[in-house]
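This report looks at one helix and at a set of charged side-chain contacts. Please have the sequence and the model open while reading.

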Amino acid sequence: MLKLKTLLKNIGPGLLFASMAIGTSHLVLSTKAGAQYGLIMVIPIILANIFKYPFFEFGVRYTNVTNKTLIEGYLNRGKGWLWFYAFITLITTFTILAALYTVTAGLFINLFKLSTAPAIVALGLFVLISTLLIIGRYSFLEKSLKFVVSILFIALLVTTVLVIYKGQVATNVDFTPPPMFNEAGILFLISLMGWMPTTVEASSWISLWSIEKWKTQETKPTLKQSLQEFNIGYFMTAILAVFFLIIGSMTLYGTGIELSGNGVVFANQVVELFTSHIGSWAYIFIAVSAFATMFSTCMTAHDAVARVSIDVIDLLSPKIKLQRKKIVYAIGVLLLAGVNFLVIALFSANMGRLVALATFVSFVLAPIIGYMNLKNVLSEDIPKALQPKHWLQYLTYAGIAFLSFFSIYYFYMVIF
């Protein structure tokens, strides 16, 4: 009972990770994977979660042992490492949030049957979420997401059970399973794994959230306790990905219907495919769940990118000392909102292009970030006894090799 109480007390960074991860990679890509290719796509989903696990675990391990963020660890390895991560952050700043807010705007328009332009709805979401983050900061983020993620997990579990109970949707007589290993299939497969469970650079986000969490506690959790809390959040993201895959497969696979790349159309398709299979009575239940999924993801990702950007600038220019100025966080949140709103307006709410660009950057650079994280936890910053076990190191090298192979192939297919 005492262990459970301690675990619940430490819940925070892992929960935020789960909330952030179950956005585009799950609602969009996992659902689409099931709808287009069927349950066979559970294999790449599981492989991506297994091979990427060490990269994220190292973020928790390094910060718990050293009381420093992963980004500070990059600086300790050399300033070139930090500049490289700053470059990655700059690119993802213009893609990830824009993609997330685009999908969320589409779901909002669908939920309330609006005729408003997606860019305008996205602007409203930017204003609302920015306000909540600036006023509530980490404490509000954690408390609100404990409720949202709990409800979301239960809602998706119920939806998945109902979908399985109703059975597989009727297959079109002319349906032919699409090839998985042609150019389109390989590109989709790599996009799916690129954001499954989320981008590898998010390992530093968990690191920053851990630091913020400990500020609200009298005593810092042990390494074992921090890893337990993270593992729960990580396992939850993997299970939810399978839920979305099952839903997509059971309700669309074999019908010949393709999910759109347009945010509003996609949102409408997702809600309608659920309700047509389960019943119109489930419309509000499903629409609100889908919107809550993306809203919580937008909030956590927005907070994380703002914190990471400030941390990078602070370490590259230590004389500025940005971390000591609370107003800097507010400015960072607002600047991100403004920049990504312009990106959304420029792409005319075409979610497909935004997601493709974001996943391309994430997947191609994932092996490099994974190696950087490994060097952090194997450095002299961490005592030998607290460094990852040999099996976890071997899994890391296997993950780097796995992702490197697909990254090179992805790059080759996109360029040539």
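Are Asp303 and Arg307 buried or exposed? Asp303 is buried, and Arg307 is buried as well, where buried stands for under 20% relative accessible area, exposed for over 50% and partly exposed for what lies in between, with a 1.4 Å probe and protein chains only.

## Basis of the report

This is a predicted model, in which local features need pLDDT of at least 70 and side-chain atom pairs count only at pLDDT 80 or more, while totals for chains, interfaces and linings use all residues. Residues are numbered from 1 along each chain as its sequence is written, and side-chain values use heavy atoms, with hydrogens and water left out.

## The salt-bridge network at Arg307

A salt bridge is taken here as a side-chain nitrogen of Lys or Arg within 4 Å of a carboxyl oxygen of Asp or Glu, and by this rule the count comes to 4 salt bridges. Glu212, Asp303 and Arg307 are linked in a network of such contacts.

Helices are DSSP runs (H or I, at least four residues), numbered from the N terminus. Arg307 also meets the side chain of Glu212 in a salt bridge of 3.5 Å, N to O. Because Glu212 belongs to helix 10 (residues 203-214) and Arg307 to helix 13 (residues 283-316), this pair ties together parts that are 95 residues apart in sequence. Glu212 is buried at a relative accessible area of 16%, and for Arg307 the value is 8%, again buried.

## A pair within helix 4

Glu57 and Arg61 form a salt bridge whose closest N and O atoms are 2.6 Å apart. The two residues both lie in helix 4 (residues 42-66), 4 residues apart, about one turn of the helix. Glu57 counts as buried at 3% relative accessibility, and Arg61 counts as buried at 8%.

## The two sides of helix 6

Helix 6 (residues 79-93) has 15 residues and reaches 21 Å from its first C-alpha to its last, close to the 21 Å expected at 1.5 Å a residue, the expected span being 1.5 Å times one less than the number of residues.

The buried residues of helix 6 are Leu82, Tyr85, Ala86, Ile88, Thr89, Thr92 and Thr93. They lie on the same side of helix 6 because they cover an arc of only 165° around the axis, the arc being that of the directions from the helix axis to the C-beta atoms. On the other side of helix 6, Gly80, Trp83 and Leu90 are exposed.
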